[in-house]
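Here are my notes on the model, point by point. Please read them with the structure open.

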Amino acid sequence: MSRVLPPGAPDRPYEIEPVPTGPLATLDAIRVPDRRELRRRSDAGAAHRRRKPIVRALVIAALVILGVVFAYPFVWLVSASFKPRGEVFDNKLIPETFTLENYVTVWQEAPLGLWLLNTLIVTVLAAVTVTISSAMVAWGFSYFRFRGRGALFGLVLASMMLPGAVTMIPTFLIWNALGFVGTLVPLWAGNLFGSAFYIFLLRQFMLGLPRDLFEAARVDGASQWTLFWRIALPLCKPALAVTLVFEVQAVWTDLMRALIYLRDSSTFTIPRGLKSLVDAFGFGGEWHWEIIVTASVIATIPMIIVFFIGQRQIIQGVSTSGLKG
Amino acid sequence: MTPERQRSRRRARRRNAASAFLFLSPWLIGFGVFTAWPILYSAYLSLTDYDVINDPRFVGFENYAQLFEDPKIALAIGNTLLFTALQVPAYVIVSLMLALLLDRAGRSAGFFRTIFFLPKMTPPVAVGILFLLLFNGQNGLINTVLGWFGVAGPAWTTDPAWVKPGLILMSLWTVGASVIILLAALQDVPTELYESSKLDGAGFWRQSISVTLPMISPALFFIIVVNTIAGLQTFDEAYTAFFGSGNTTYSNDAALFYVIYLFQQAFEFLHMGYASAMAWILFAIIMAITAVQLIVSRRLVYYEGEAPK
């Protein structure tokens, strides 16, 4: 059995790990380069970039200044959430009077816990369903050869170009006819049918999987579903992670669908709830910006956590997806 | 090949196609129900008067005729085009600048890359709120900082002339994704190209124009197209900051973007037919602009493998 070299494997023999043996040898050989390997490769490419120390110092100085500019709004937001009402706008980094009162007030004024729960339910359902269904469809397009495959895949790509505004109203009418307006269902159930962008992304990844492996499994009597679920999906973990993380971000922050479908405050998601707080405490003449600031912090923190968990996948996904099509 | 074997092969192929379509079925159903039917129905609705409660009433091209007379449509299109025309170049220049800096930052690049990407993870509604607070005319942070340099900052959130520049500045905060795409493209430029151009006597500027720019032009083009399409559909931040119930404080015409007006027509005034016609106009505008970009890009974008090696 020919060994599949991992991408970017060094060609010096002493660095190659022992060739795995056994029935799943090819499986073991496929892996995504780890962090150290990626760094080694980019270091080699960056050799020419090592210029004069003065240039380097200037670059770092510029980055530090810009980094402060980019990080400051967060710091401002978090620090403002610990200030009493009168000091929210004093633009001081460390609150003069440190208080947790805003967090207590916001929890009493708005059903934030419920909104977080709603958002969590929608996000988990949406991200899981879109990942599984898109992977199924991507597998249909990448593994099987059948007549009309090219044309059908062309339709998938074309549907990515369609602005959401065109389908927005009829889609609303569908959910309205089914009686789901006012519930969380329209915010995720459309994802049961896959999404063109993720189908494209996952298909690109699946086309890179070694075909021999699947042929061998077929000969051993594996069913089509086993092939997909037990062999292909585990190999696609990096691409699936990208899909999950992208969708989590998209759904967690989705405002428009929440505006269209949610009516009652008890069904609000976090973006919709935040908007209602701006309407009530910002524009509504009350000017309680400290409540809005604090709620914004609470809404943003889960996304930051997702980012730190999925950082590598997010950044790799952003830099590879859609560019080399 | 015996006829018998031929038959069994044909049967296998048919079974193969059947399993393929089982895997495709989620998308086939979804495409039919949530794409194909909505396209047709939206085209039909655009020719009707429909308020959800009563049945659609066929009115021919009346909605489209009305579009040309609605001063708010002209305003919304003007706002949207101006915003996009200013925002996209600013966005591309800033992300290119950040990517070039990161490309030369060595080992600390990872840390700064994280910092620049973080704003992208902030919910757009929260970005809209930040805009209202940081850009506030009287006591916002931006004007306070400008004050240190003796500049009297404008009323970003209330002065119609400054609303769009302010929103553009705020949108630059979320360039993170573009920075990462450009950084990946920069790091893919083969080192040999720099070395050989150096031997030919090319300096920094010459290298940037003749080597770096052409090699990253596909990534630049991708960012320009995607951001133009997104810019034309701007909604979340501007809607949060300037629209919604209870908002009577601001004169918000300067932030009336096309999709905001479309949303109001459809879901606040329940003019579903009119809004459908608006959606088709938006589609036509997006297609036209993207087509122009594609045609221009044929001359300007260099794809590897095009030229003889």
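1. The A–B contact. Chain A puts 92 residues into the contact, and chain B puts in 103 residues. This is a predicted model. The two chains bury about 8400 Å² between them. Carbon and sulfur atoms account for 79% of that area. On the side of chain A that touches chain B, helix α3 (residues 53-81) of chain A has the largest share, with 16 residues. By class, that side of chain A holds 62 nonpolar, 21 polar and 9 charged residues.

2. Polar pairs across the A–B interface. How many salt bridges cross between chain A and chain B? The count is 0. Polar contacts are found there, in 8 residue pairs, with both residues at pLDDT 80 or more.

3. Domains of chain A. Chain A splits into domain 1 (53-105) and domain 2 (112-322). Their C-alpha centres are 32 Å apart. In the contact between them, domain 1 of chain A supplies 12 residues and domain 2 of chain A supplies 13 residues. The buried area is about 980 Å², with 78% of it from carbon and sulfur atoms. Which residues of domain 1 of chain A lose the most area to domain 2 of chain A? They are L77(A), R85(A) and Y103(A), and together they make up 48% of what that side buries.

4. Make-up of the domain contact. Between domain 1 and domain 2 of chain A there are 0 salt bridges. The polar contact count is 1 residue pair, both at pLDDT 80 or more. On the domain 1 side, α3 and α4 (101-109) of chain A each supply at least two residues. The most comes from α3(A), with 6 residues. The residues on this side divide into 8 nonpolar, 3 polar and 1 charged.

5. Salt bridges. The count over all chains is 6 salt bridges. One joins D90(A) to K83(A), with the closest N and O atoms 2.9 Å apart. D90(A) is partly exposed, with a relative accessible area of 26%.

6. Two further pairs in chain A. E96(A) and K92(A) meet through their side chains in a salt bridge, 2.7 Å from N to O. E96(A) is exposed at 55% relative accessibility. K92(A), at 40%, is partly exposed. R257(A) forms a salt bridge with D254(A), where the closest N and O atoms are 3.3 Å apart. R257(A) is partly exposed at 32% relative accessibility. D254(A) stands at 19%, so it falls under the 20% cut-off and counts as buried.

7. Helix α5 of chain B. How many residues of helix α5 (residues 124-134) of chain B are buried? The count is 11 of its 11 residues. Among them are P124(B), G128(B), F131(B) and L134(B).

8. T234(B). This residue sits in the loop between α10 (204-232) and α11 (236-242) of chain B. T234(B) counts as buried because its relative accessible area is 13%, under 20%. The side chain of T234(B) reaches the backbone oxygen of G231(B) at 2.6 Å. What does T234(B) touch, leaving aside its neighbours within four places in sequence? The contacts are F83(B), F257(B), V259(B) and I260(B).

9. Positive phi in chain B. Please check two residues here. V52(B) is not a glycine, yet has a positive phi of about 75 degrees. Where is V52(B) placed? V52(B) is in the loop between β1 (48-49) and β2 (57-58) of chain B. V52(B) is partly exposed at 22% relative accessibility. L270(B), also not a glycine, has a positive phi of about 55 degrees. L270(B) lies in the loop between α12 (258-268) and α13 (272-300) of chain B. At 31% relative accessibility, L270(B) is partly exposed.

Key: Residues are numbered from 1 along each chain as its sequence is written. Chains are lettered from A and ligands numbered from 1 in the order in which they are written. This is a predicted model: local features need pLDDT of at least 70, side-chain atom pairs count only at pLDDT 80 or more; totals for chains, interfaces and linings use all residues. Side-chain values use heavy atoms; hydrogens and water are left out. Helices (H or I, at least four residues) and strands (E, at least two) are DSSP runs, numbered from the N terminus. Buried means under 20% relative accessible area, exposed over 50%, partly exposed in between (1.4 Å probe, protein chains only). A polar contact is a pair of N or O atoms within 3.5 Å; within protein, one must be able to donate a hydrogen and the other to accept it, and residues adjacent in sequence count only if both atoms are side-chain atoms. Contact means heavy atoms within 4.5 Å. Buried area is the accessible area (1.4 Å probe) that two parts lose on being put together, summed over both. A salt bridge is a side-chain nitrogen of Lys or Arg within 4 Å of a carboxyl oxygen of Asp or Glu. Ala, Val, Leu, Ile, Met, Phe, Trp, Tyr, Cys and Pro count as nonpolar, Asp, Glu, Lys and Arg as charged, and the others, Gly among them, as polar. Domain bounds come from an automatic or database domain assignment.
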